[in-house]
Amino acid sequence: MGSWLCNDPDCGGKQILTGKRSALFVSVCMVPFLLVQRYAMAADAPASSARQSSAVSAGQRKVSSSPGYVSGSVSGVSPGSHDVIEHIDITGNSRIETSTVLSYMVVQSGDYFSQDDLDRSLKTLFATGLFKDVRLRREGNVLKVNLVENPIVNRIVFEGNSAAKEEDLRKVIALRPRAVFSAETAADDRQKILDVYAEKARYAAVVTPQIVRLSHNRVDVVFHITEGPQTLIRKIAFVGNKAYGDLRLAGIVSSKETAWFRFMSSADEYNPERLKYDAELLRRFYLSNGYVDFQMKDVSGELSPDRKSFYVTYTMDEGQRYRLGKVDIRSSLRHVPAKSLRKYVELFAHQWYDGKAVQDNATDMEETLQAEGHPFAMVRPVIARNPEKGVVNLLFDVSEGPRRYIERLDINGNTITEDSVIRRQMPFAEGDPYTPSYKKYAKESVQDLGFFKSVDVQDTPGSAQDKTNVAVNVVEKPTGEFSLGGGYSTDVGVIGNIGLKQHNLLGTGVDAGLSGTMSQWQRQVDLSVTNPAFLGRNLVAGVDIFGIQNKYQTYQNYSESRVGITLRMGYAYNRYLSQSWNYTLTRRHVGLAGGGWYQPSLYVIDQKGNSLLSQIGTNLVYDRRDNRMNPHNGYMVSLGGDFAGLGGDEKYGRVKVNASYYIPLDDLTNSHDWTIVLRAGAGYMGDWGNGRHDIIDNFYLGGQNLRGFLDGGAGPRSKGYGAYPGEDLLGGRYIYNASAQLNFPMPFLSAMGVMGRTFVDTGSLWGLRVKRNLSHPWSDPYQGISGDRPLPRVSAGAGFSWKSPFGLLNIDLGVPIMRSHNDRTQLIRFGFGQQF
């Protein structure tokens, strides 16, 4: 009795089935794979062609109606025969059992020699994909079945592939080692490989499947691949545009024409999915500029005859441009009159109609009402076109939507992260009201954890009409991080760092890490642990243990080292307002630079040695930015303070306030890459008691907060004289700074991740904070200080950031416009780093 090798994934290709079990297994497992075979092997082509061209007589019927049957016949059977099949004789099968073959056939012993049933049996045997050729022939009352089995795949080899990895190609093909080979499957796999190369913009790729015949009816399948060059976009054309030129629209779409400077960008690679995205970008652009009736007629890409490039064409109908006419509100919400909602309308009559602005205004109004105690409030914008006047009348229809409450909240897919970590991110719980906006915020909140590859929030009907079940489906991703880094900064020189972090320790959401940094002028090690939901509450708690050593020899005549611990705690009042507290206990040491006759100033010499800082601080932040990592719109205000004197050697109080405001220029530039950033800050530091007045605690101006000046280079500074020639930056009690910056895409380089900026910075620092009892045999020490005046400093310049494959590169060129004669300047500020 024969045997059958199981190819089902559940048995791993190891189970050997025999007898009736084999027949049953093949019947169950192979039925889904009954595909019509196109067996067109080169070796069989002549025979197949000869068979197809031969005449079919009344006594011999060949099945060729299905495209896969290039060979196979039923002979010796007369139409309308009523003789009974006494026996079925099967030959040619070596791997497949006879009982298995019989299970596929429509006719069985005892049936009539029906031409129709024999044809169906022939087709069914071919459809299994197990046979290369099948012939049915009648000899007396015996049905002879002659089979030629398809070979078994021994191995699969890819040759010539470099742009596509072998493991990626194996994922898409259906052929597998130890599976049955068929030419049709090989042809399908060839097309799948071509599709992979099409996604990589290589439409000129050629894939040729070949087989190498081995003993025991086995074959090696070899896919010879000629990848060819990338198929890039040579020309982008727009048809039907009248209001905007081709150059303007070319800046809207993400696809770009090929050019020499796009060697590190994929924007010039042809991608059908990107064309669909571009069509949507164009639609949004026109709708935001008043073209309510805009239609994208067609988006097409035509391959050049040499298959090396594409010609892309966008065909559109702009339609009429509309202004905003009457803006009105209608409210059926209980206790909410329409006139009370007018303060939430951010649009005005006669402006060009902007579909996005209208929807954003409706969403903001809806969320405001829900936050004010109307959880089921709905705001629906309704427009009415008036083509004759060219206006669109707008009505905000405010009503109460269907009342729905959360019956059950399910968390799915979290194999590592605890349910409680995800549940605490939800803006709702079982029994709470449920609105569509909650669904959006729930997804964003879980995504912000950074623990998951994907997050999907689905709602389904509950047990009653007013009940909803919410399911949060997540896919985990690794949250551990080991990093090595390097770079260069004008602040600290050449940098090297190493870090080990776990952002989701044991699935609890706790962030823990150990990192170290070493550079020419700075060394630092830090152990940090943060629990974002301490005691299961809206409370962030953490601890940092650190050691820092700074050598300021580039612009100071002393070094500083710190070893200490910081305890942190923070909480959020709502989605925008949060507050944090910290307590720091630090042992500091100030050492002197130079040697021999050369000495730093008296003010630094006076502070040589150790000091202990015991400080408590707080920071209140109101953040309405659209994105905390890369803001484009909104504002942020922070107010902070520090109090030193709970033990230790320092006794002072310090207050700081900072604000930033981001103005998008989308309406003016029709691009999301233009932003005006306004920043301002101020601080004051006062002493109490009889504490030390260490200059390392002072405010400093220059560098990051005043470009064009050295770090700490603006403000009070000692004059060197006599045996104490050191000129040291002393810092101050009072500080203010402000800047205006324009962020913009760099021409021809934005697709490479290069963003430009221009800026104007200003600020001032003053107020000496050094001991007044110093004396010197030649002079009063206070006569040896300059720059202690609230003189404003101003600088202007430009810079750029490049998210290069080698790391983030920042270069700023700042030119001082107003300065004091003693200030230290820095024309170019440079920073580069990369994790690897």
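Student: Which elements do the buried residues of helix 11 pack against?

Tutor: They pack against helix 9 (355-371), helix 10 (419-423), strand 18 (452-461) and strand 19 (467-476). Helices (H or I, at least four residues) and strands (E, at least two) are DSSP runs, numbered from the N terminus. The model is predicted: local features need pLDDT of at least 70, side-chain atom pairs count only at pLDDT 80 or more, and totals for chains, interfaces and linings use all residues. Residues are numbered from 1 along each chain as its sequence is written, and side-chain values use heavy atoms, without hydrogens and water.

Student: Which residues of helix 11 are buried, and how do you know that they line one face?

Tutor: The buried ones are S437, Y441, A442, S445 and V446. Viewed down the axis of helix 11, they fall within an arc of 160°, so they line one face of the helix. The arc is that of the directions from the helix axis to the C-beta atoms.

Student: What makes V207 count as buried?

Tutor: Buried means under 20% relative accessible area, exposed over 50%, and partly exposed in between (1.4 Å probe, protein chains only). V207 has a relative accessible area of 2%, so it is buried. V207 lies in strand 9 (residues 206-214). Beyond its neighbours within four places in sequence, V207 is in contact (heavy atoms within 4.5 Å) with R190, I193, L194, F223, H224 and I225.

Student: Why is D697 called buried?

Tutor: D697 has a relative accessible area of 4%, so it is buried. D697 sits in the loop between strand 30 (675-687) and strand 31 (717-718). Leaving out residues within four places in sequence, the contacts of D697 are R588, E650, Y652, R654, M685 and R769.

Student: Why is the pair of Y203 and F310 called edge-to-face?

Tutor: Rings of Phe, Tyr and Trp (its six-membered ring) pair if their centres lie within 6.5 Å; planes under 30 degrees apart count as stacked, over 60 as edge-to-face and the rest as tilted. A search of the whole structure finds 23 aromatic pairs. For Y203 and F310 the centres are 4.9 Å apart and the planes at 70°, which is edge-to-face. Y203 lies in the loop between helix 6 (183-199) and strand 9, and F310 in strand 13 (residues 309-317), so the pair ties together parts that are 107 residues apart in sequence. Y203 is buried at 18% relative accessible area, and F310 is buried at 5%.

Student: What makes the pair of Y734 and W766 stacked?

Tutor: Their ring centres are 5.3 Å apart and their planes at 15°, so the pair is stacked. Y734 lies in strand 32 (residues 734-745) and W766 in strand 33 (residues 754-766), so the pair ties together parts that are 32 residues apart in sequence.

Student: How do Y734 and W766 count, buried or exposed or partly exposed?

Tutor: Y734 has a relative accessible area of 32%, so it is partly exposed. W766, at 22% relative accessibility, also counts as partly exposed.
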